[in-house]
Amino acid sequence: MALLRLWAISLLGGAALVPFLWLQRGADFEHARLAALMALVLGQVLTVPLGLVVGLGLAVAGRWARTPGHVLGAVTTVFGVVVIALARSTDRWIEGRPSGIGDPDGEYAMVMFALLSGVVTVLVGLAIVAIRWARYDEATVPARRPRSRGRARKPAFHPEPCQDQQTPSG
């Protein structure tokens, strides 16, 4: 659960780096949207591997096993849908007639990475919501069964055989 939670947080955390990675070339809204998507993808290139490594470490250590909440799942899903909508509209602008920019190859690749990022973000958010909807809680479900040491345990209830069931010795 720690891995899923930190994956969602790192996908959302890529948006925090947008103001620092701003690469706007034009002055109109479409250029600003393209710059925001490019900065989001660059931010997620930095935050997602970090979140996955930390989440994997916490998952292996068995810490932070609490199931992510409904709010994180809903926010992650909505964020992914917004990124998909922005990527699709920017794709139409880049590939439109006349083209929105001079040589759209590099920008088109960044928009496709943003579209892929949005799809993955939606899937992570829906996974969190589905896990919460199923009421799965890792803290109540043991990951492995404890091994008994020494002799096997005897059952708590030992019924005495009835007189009818005993065989005569002889």
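Predicted model: local features only at pLDDT ≥ 70, side-chain atom pairs only at ≥ 80, totals over all residues.
Residues are numbered from 1 along each chain as its sequence is written, and side-chain values use heavy atoms, with hydrogens and water left out.

**Fold.** I found four helices and zero strands, in the order α-α-α-α along the sequence; helices (H or I, at least four residues) and strands (E, at least two) are DSSP runs numbered from the N terminus. Of the 170 residues, 32% count as buried, that is, under 20% relative accessible area, where exposed is over 50% and partly exposed lies in between (1.4 Å probe, protein chains only).

**Helix α4.** I followed α4 over residues 105-133 and found that its 29 residues reach 42 Å from first C-alpha to last, close to the 42 Å expected at 1.5 Å a residue (1.5 Å times one less than the number of residues). Its buried residues include M110, L115, V124 and I128, and just after the helix R135 takes a positive phi of about 60 degrees.

**Cores.** I then asked which residues touch the most other members of the largest nonpolar core. They are L34 and A87, in a core of 16 residues, a core being a set of buried Ala, Val, Leu, Ile, Met, Phe, Trp, Tyr and Cys residues joined through side-chain atoms within 4.5 Å. Helices α2, α3 (70-95) and α4 each give two or more residues to this core, and α2 supplies the largest share, six residues. A second, separate core of seven residues includes L4, V48, V124 and I128.

**Salt bridge.** I found one salt bridge in the structure, defined as a side-chain nitrogen of Lys or Arg within 4 Å of a carboxyl oxygen of Asp or Glu. It joins D91 and R88 at 3.1 Å, N to O, and both residues lie in α3, three residues apart, about one turn of the helix. D91 counts as buried because its relative accessibility is 10%, whereas R88, at 33%, counts as partly exposed.
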